[in-house]
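Trainee: I have a structure to go through and would like to know what stands behind each word used for it. Could we take the terms one by one?

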Amino acid sequence: MGTKVRMQVGGKTWLEVEVGSVKDALKELSDYAEVFSETTCGSCGSQEVRPLVRTARGYEFYEVACLACKAKLSFSQTREGDKLFPKRRDQNGDEIGKNGWHQYEKSHEQPQTGGPPSDNEWV
Ligand SMILES: [Zn+2]
């Protein structure tokens, strides 16, 4: 029999997991909180943010987008475990926008050759 654990993140989102142990609870909540704690735009401070998944050129992009200023926070995908984590730095270790929140730039969406698109780094 599992135990239900609820946790509030970001002031308005509830995470609920059903788990068999406290260790599992922490693992599950950790994974979800990594993504769903992002409820405030890092660029303009608005709380009008929403999850966004889009597909382009065969890749899925997992993001949180701000409805107020159109900034977005991209998530990188882990190679194993199907997990996501906020992408706050680029390949060179430089900070992306404000804590990962950056304005949509058309140039990033242009087709590329030789590997995955630049804003969907596989780690
Ligand atoms: Zn914003």
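Trainee: What makes E3 and E4 a pair of strands?

Mentor: Two strands pair if DSSP finds at least two bridges between them. Eight bridges join E3 (residues 49-56) to E4 (residues 59-66), and the two run antiparallel. Strands are DSSP runs of E with at least two residues, helices are runs of H or I with at least four, and both are numbered from the N terminus. The protein chain has one helix and seven strands, in the order β-β-α-β-β-β-β-β from the N terminus on.

Trainee: How do you know whether lysine 70 is buried or exposed?

Mentor: Lysine 70 has 12 other C-beta atoms within 10 Å, and is therefore exposed. Lysine 70 sits in the turn of the hairpin of E4 and E5, which has four residues between the strands, and has a positive phi of about 70°. E4 and E5 pair in the antiparallel sense over four bridges, and glutamate 63 stands opposite serine 74 in E5.

Trainee: What makes E5 mostly covered?

Mentor: Five of the seven residues of E5 are buried. E5 also pairs in the antiparallel sense with E7 (residues 101-103) over three bridges, where lysine 72 stands opposite histidine 102. With E6, E5 again pairs in the antiparallel sense over three bridges. In E6, proline 86 is the bridge partner of phenylalanine 75.

Trainee: Why does proline 86 count as buried?

Mentor: Proline 86 has 20 C-beta neighbours inside 10 Å, so proline 86 counts as buried. Beyond four places in sequence, proline 86 is in contact (C-beta atoms, placed from the backbone, within 7 Å) with Glu38, Leu73, Phe75 and Gly100.

Trainee: Which residues make up the largest nonpolar core?

Mentor: A nonpolar core is a set of buried Ala, Val, Leu, Ile, Met, Phe, Trp, Tyr and Cys residues joined through C-beta atoms within 7 Å. The largest has seven: Cys41, Val49, Val64, Cys66, Ala71, Leu73 and Trp101. E4 and E5 are the elements that give two or more residues to this core.

Trainee: How do you know how far to trust the model?

Mentor: pLDDT is the predictor's confidence in each residue, from 0 to 100. The protein chain averages 86, and 85% of the residues score at least 70. Over residues 109-115, pLDDT stays under 50. Where pLDDT is low, the predicted coordinates should not be read in detail.

Methods. Residues are numbered from 1 along each chain as its sequence is written. This is a predicted model: local features need pLDDT of at least 70, side-chain atom pairs count only at pLDDT 80 or more; totals for chains, interfaces and linings use all residues. Two residues are in contact if their C-beta atoms, placed from the backbone, lie within 7 Å.
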